[in-house]
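The tour below goes from one selection to the next.

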Amino acid sequence: MKADEIRKLEQYLREKFQRPNIEVRRRPQKTDSAEVYLGEEFIGVLFRDDEDGDLSYNFQMAILDIDLPE
């Protein structure tokens, strides 16, 4: 992803989730996705999808059962 795309996505996520410490970072050797962090904690991946001329972004986040409250 390009730097301006990352900046816009980061701003969107910060506003949407009301979390100023969300950071979107480039992935090494990948051009179709970026990593999402909450502070220093990795929380998921953003994928760029531009098939059929429609551009969209998909956020994928795994939640481990050990992280859930009892």
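**Starting at glutamate 40**

Select glutamate 40, which is exposed, with 67% relative accessible area. The model on screen is a predicted one.

Arginine 25 has a relative accessibility of 22% and counts as partly exposed, because the partly exposed class lies between the buried limit of 20% and the exposed limit of 50%.

**The rings beside arginine 25**

Keep arginine 25 and show tyrosine 37. The charged end of arginine 25 sits over the ring of tyrosine 37, at 3.7 Å from the ring centre. Tyrosine 37 is buried, at 13% relative accessible area.

Which residue forms an aromatic pair with tyrosine 37? The count for the model is 1 aromatic pair. Tyrosine 37 pairs with phenylalanine 42 in an edge-to-face arrangement, with 5.6 Å from centre to centre and 70° between the planes. Phenylalanine 42 is partly exposed, at 41% relative accessibility.

**From the helix to strand E3**

Clear the selection and pick glutamate 5 and arginine 48. Their side chains meet in a salt bridge of 2.5 Å, N to O. Glutamate 5 is in helix H1 (residues 3-17) and arginine 48 is in strand E3 (residues 41-49), so this contact ties together parts that are 43 residues apart in sequence.

**Along helix H1**

Next, select glutamate 10 and arginine 14. They form a salt bridge whose closest N and O atoms are 3.4 Å apart. Both residues are in helix H1, 4 residues apart, which means that about one helical turn separates them. Glutamate 10 is buried, with 15% relative accessibility, and arginine 14 is partly exposed, with 32%. In total, the count for the model is 5 salt bridges.

**A nonpolar surface patch**

Switch to a surface view and colour Phe59, Met61, Ile63 and Leu68. These residues form a nonpolar patch on the surface, and together they have about 390 Å² of accessible area. One of them, leucine 68, is in the segment after strand E4 (56-60). Leucine 68 counts as partly exposed, at 48% relative accessibility.

**Zooming out**

Finally, show the whole chain as a cartoon. The chain has 1 helix and 4 strands, in the order α-β-β-β-β along the sequence. Taken along the principal axes, the C-alpha atoms fill a box of roughly 45 × 25 × 25 Å. Of the 70 residues in the chain, 24% are buried. The chain exposes about 5700 Å², and carbon and sulfur atoms supply 48% of that area. Among contacts with a separation of 6 or more, 16% are between residues 24 or more positions apart.

Definitions and conventions. Residues numbered from 1 in each chain as written. Predicted model: local features only at pLDDT ≥ 70, side-chain atom pairs only at ≥ 80, totals over all residues. Heavy atoms only, no water. Patch = residues over 30% accessible without salt bridge, like charges linked within 9 Å, V, L, I, M, F, W, Y side chains within 5 Å. Areas by Shrake-Rupley, 256 points an atom, 1.4 Å probe, with all protein chains shown as cover. Salt bridge = Lys/Arg side-chain N within 4 Å of Asp/Glu carboxyl O. Helix = DSSP H or I, 4+ residues; strand = E, 2+ residues; numbered from the N terminus. Buried < 20%, exposed > 50% of the residue type's maximum accessible area, 1.4 Å probe, protein only. Phe/Tyr/Trp six-rings, centres within 6.5 Å; stacked < 30°, edge-to-face > 60°. Lys NZ or Arg CZ within 6 Å of the ring centre and 35° of its normal. Contact = heavy atoms within 4.5 Å.
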